[in-house]
Amino acid sequence: MPALSALVLFAWSLVALGAPQHTRHNARQARRLSARTTYTLKDHYNGTDFFRKWNFFSGSDPTHGNVNFLTKDEATAKGLAYAQDDGTFVLAVDDKTTLNKGANRDSVRISSPDSYNEGLFIADVYAMPHGPTVWPAYWSVGPNWPNKGEIDIIEGVGDSTTNQMTLHTSAGCTLDTNHADEFTGKVSTTNCESANGNNDGCGITDFSPQAYGHDFNTIAGGVTAHTVSAAGIKIWSFARTAIPADITAGKPDPDSWGKPAAFWSSDTCNIGDHFQEQVLTFDTTLCGDWAGSAFKGGPAACTAAVADPSNYSLAKWMINYVSVYES
């Protein structure tokens with residue numbers, strides 16, 4: 001019999017015999033230890049893996065941005081998707097071409113080759129896009145949006161300094177504010193349903209220093225991890241100098257990481273019903289539904305600014321790796 005199982009049975013036997021209070025406490029502690037989730041690596045992507053395995057999306061932007069998403073061959077030929085010698089994978093926005101007013105600018109959107117229902121997902125990112133008109137995101141999404149859900153893990157616009165984490169779903173899912181003391185972010189919206197033109201979703205904002213954009217890049221980024229399970233969805237963010245040793249060792253233990261930045265409890269949202277077949281996605285769009293309205297001067301001014309290539313010298317994702325673990 002494994003030592004931990006023996007401990008649990010022994011503790012329970014003492015409780016049944018009227019054990020002292022400290023022994024009952026030990027029994028509860030043993031039960032908590034026995035319930036810890038362990039994770040096994042399923043998929044790991046680094047460097048040229050993103051070329052060989054991930055899918056390049058080249059359709060029109062669903063968020064109505066002023067971008068041309070390129071095929072893999074186009075992105076490679078134009079130098080907007082490439083692996084560096086150190087294994088870092090770069091996704092860039094064209095920062096060389098002066099465009100006619102109203103024209104779309106070349107960019108890249110990629111998604112994982114496999115889809116996932118549950119698990120632990122870890123992305124190590126050295127740098128992320130920011131700057132005028134820019135709307136970058138690391139997210140996951142299921143088919144037939146929003147019916148199989150969307151999880152926005154890293155997202156913002158322009159030169160924002162905060163990270164917006166959001167769920168988008170069909171009807172019947174809300175953010176349970178009764179769990180607000182279990183995460184460090186601040187609730188911004190609570191209705192996760194995206195329908196009838198209201199696509200805000202249920203959001204939690206991370207105001208932590210260096211959580212997003214320029215400040216994130218000055219510390220060489222860090223690790224973002226999230227879990228999807230029947231109990232809910234959690235997101236953590238760790239600066240480069242504060243990445244847990246268990247992540248670096250390839251033996252992640254979310255139970256030891258402390259409060260997440262965001263947590264959507266299953267108490268008011270059936271996770272299994274609303275989040276299925278999620279593909280992990282990186283992209284950078286320009287203007288569009290959010291960045292356009294947030295731009296100084298509004299959507300028209302944003303669209304005009306897309307013509308200037310100097311706005312995109314810092315519009316680059318630099319990705320170290322993405323790992324997917326099964327529980």
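**Aromatic rings and their partners**

Let's start with Phe-57, which counts as partly exposed because its relative accessibility is 27% (buried means under 20% relative accessible area, exposed over 50%, and partly exposed in between, with a 1.4 Å probe and protein chains only). This is a predicted model, in which local features need pLDDT of at least 70, side-chain atom pairs count only at pLDDT 80 or more, and totals for chains, interfaces and linings use all residues. Residues are numbered from 1 along each chain as its sequence is written, and side-chain values use heavy atoms, leaving out hydrogens and water.

The structure holds 14 aromatic pairs (rings of Phe, Tyr and Trp, the last by its six-membered ring, pair if their centres lie within 6.5 Å; planes under 30 degrees apart count as stacked, over 60 as edge-to-face and the rest as tilted). Take Trp-54 and Phe-282: their ring centres are 6.2 Å apart and their planes meet at 40 degrees, so this pair is tilted. Trp-54 sits in the loop between α3 (49–52) and β2 (55–56), while Phe-282 belongs to strand β17 (residues 279–286), 228 residues apart (helices, H or I of at least four residues, and strands, E of at least two, are DSSP runs numbered from the N terminus). Both Trp-54 and Phe-282 are buried.

Back at Phe-57, an edge-to-face pair joins this residue to Phe-69, with 6.0 Å between centres and 65 degrees between planes. Phe-69 is buried, at 4% relative accessible area. The charged end of Arg-109 also sits over the ring of Phe-57, 4.2 Å from its centre (NZ of Lys or CZ of Arg must be within 6 Å of the ring centre and within 35 degrees of the ring normal).
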